[in-house]
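Work through the exercises below with the model open. Each task is followed by a stepwise solution.

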Amino acid sequence: MTGYTRNIVAPPASPAARTLIRGATVLSMDSETGNLARGDILIEGSTITSIKAHIEVDDAVVIDASGMIAMPGMVDTHRHAWEGQLRRINPNAQTLEDYCNATHYSFAKFYRPGDMYIGNLLTALGCIDAGITTVIDNSHNSRTGAHSDAAVEALLDASIRSIHACGAPVSGDWDKAHWPGNLERLQQKYFKNADNSLVSLAMMAQLEPELWAEARRLGLPIIIEFFGADMATELAGLHRKGLLGPDNIFNHCTALPDAGWQILREAGVRVNVCPRSDAHYGIEDGMFAMQAALRHGIRPGLSVDNETSYSGDMFMEMRVAFYLQRVMGMHPQRCCGSAHHLVTLPAHSLLKAATADGAACAGLQDEIGSLTPGKQADLILINTQDINLYPSGNAFGTVVHAAERSNVDTVMIDGRIVKRGGNVLGVDRERLRAAIDESREHLFAAAGYRPDLFAEAFEHPQP
């Protein structure tokens, strides 16, 4: 699969001139628009133009949303999309090293461009299926320019709103001559095209300001895997030199001391946190950093990080965040040794983290993240008539504490319907499964890995 075909997903139909979503319970995540027990949403082309209790228009395509919750599409602010075909290969991982052994130090070294394509495509389609309409693709396996092209083309083919953060591989042989110059080549090839309104470009790097200079020359965001206890000492020097700014997006931010948070706040650094990943892999203190971020006036987005150990949906991310916050509130001494008062986050705040705050982390707050007239029509409909959700006693509670992927009836991105009636549209599932299977067979054979459906622990392959 060095070469690959792009005929697995048909492009979605163009937006209707006018679409009217009628009779939904509206969770707008916008303070001015508010929430409606029953309301209508008018969309013209790709733009939301009106949200009211009742709207009458002629010549609109009407979507009957009675018995459904309408809300903004969720934003996953940090996902290693290239790992899509490695789903749940390592469910019992306990350390970051366990994760790396199952990705960077084994299969990653043998990825062909076609493997990048199918990994990204599968992840993007899974996001859409789960009501995630925007994803920041942390692509730290860009071994050649062709690998990067494949990753971008998969996002384009999936028709998901996304930011492709091109990054250098962690291990193995790769074409070092193309980094970081590959960014300008990608920008010219894919991101100067007026027809591409959904996918944009970023750099994925570490605390390497000499590389950041190239991203800043090109006007690109810079995404960093940031572990606070390990890296905090470097922040003061970077800040003093003016090298931190709003174009930085920091993932994780675990165990960061207050002084480090103050620097991130002053510099305007954007942050996302990883409730499941940080706990699953025991990253630093194992606790996601939302409390510390909020205490310093930073509203972080939520992120799934990867699917090699658990599911790829934001519903579980919100639930894990809720319960970890409860534990921290009851046992504050466990929160990084902090004596600060801890605040339990209600369902509304966690849904905001998964939508509006995630959009701000991605730098897209003026376009998406809330149902607001003038913003793009990135939204989902959740069917509360489903047997696991009915009756819906509280709309926020239904979404955060009970809903899951199968309840996402409709997904709209940029005014185009990409999931309807519970099915992602335009996907040739037979071709998709065949491509996934071929990719896995190649990667397993190349890495010397023998799959075991019942293994209790991942065994690092020895090629």
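**Exercise 1.** Describe the salt bridge between Glu-307 and Arg-79.

Step 1. The side chains of Glu-307 and Arg-79 meet at 3.0 Å, N to O. A salt bridge here is a side-chain nitrogen of Lys or Arg within 4 Å of a carboxyl oxygen of Asp or Glu. This is a predicted model: local features need pLDDT of at least 70, side-chain atom pairs count only at pLDDT 80 or more, and totals for chains, interfaces and linings use all residues. Residues are numbered from 1 along each chain as its sequence is written, and side-chain values use heavy atoms, with hydrogens and water left out.

Step 2. Locate the partners. Glu-307 lies in the loop between strand S13 (301-302) and helix H11 (314-330), and Arg-79 in strand S6 (residues 74-79), so the pair ties together parts 228 residues apart in sequence. Helices (H or I, at least four residues) and strands (E, at least two) are DSSP runs, numbered from the N terminus.

Step 3. Check burial. Both Glu-307 and Arg-79 are buried. Buried means under 20% relative accessible area, exposed over 50%, and partly exposed in between (1.4 Å probe, protein chains only).

**Exercise 2.** Which network does Glu-307 belong to?

Step 1. Glu-307 also forms a salt bridge with Arg-88, with the closest N and O atoms 3.5 Å apart. Arg-88 lies in the loop between S6 and helix H1 (96-101), so this pair ties together parts 219 residues apart in sequence.

Step 2. Glu-307 has a relative accessible area of 7%. Arg-88 is partly exposed, at 39%.

Step 3. Shared partners join Asp-76, Arg-79, Arg-87, Arg-88 and Glu-307 into one network.

**Exercise 3.** How do H2 and H3 pack, roughly parallel or oblique?

Step 1. Helix H2 (residues 113-129) and helix H3 (residues 145-158) pack at about 25°, with axes 8 Å apart. Axes are lines fitted to C-alpha atoms, for helices over the stretch in contact; angles run from 0 to 180 degrees between N-to-C directions.

Step 2. The angle makes H2 roughly parallel to H3. Angles under 35 degrees count as roughly parallel, over 145 as roughly antiparallel, 65 to 115 as roughly perpendicular and the rest as oblique.

Step 3. Residues of H2 that meet H3 include Met-116, Leu-121 and Ile-128. Contact means heavy atoms within 4.5 Å.

**Exercise 4.** Classify the packing of H3 and H4.

Step 1. H3 and helix H4 (residues 182-190) pack at about 40°, with axes 11 Å apart.

Step 2. That makes H3 oblique to H4.
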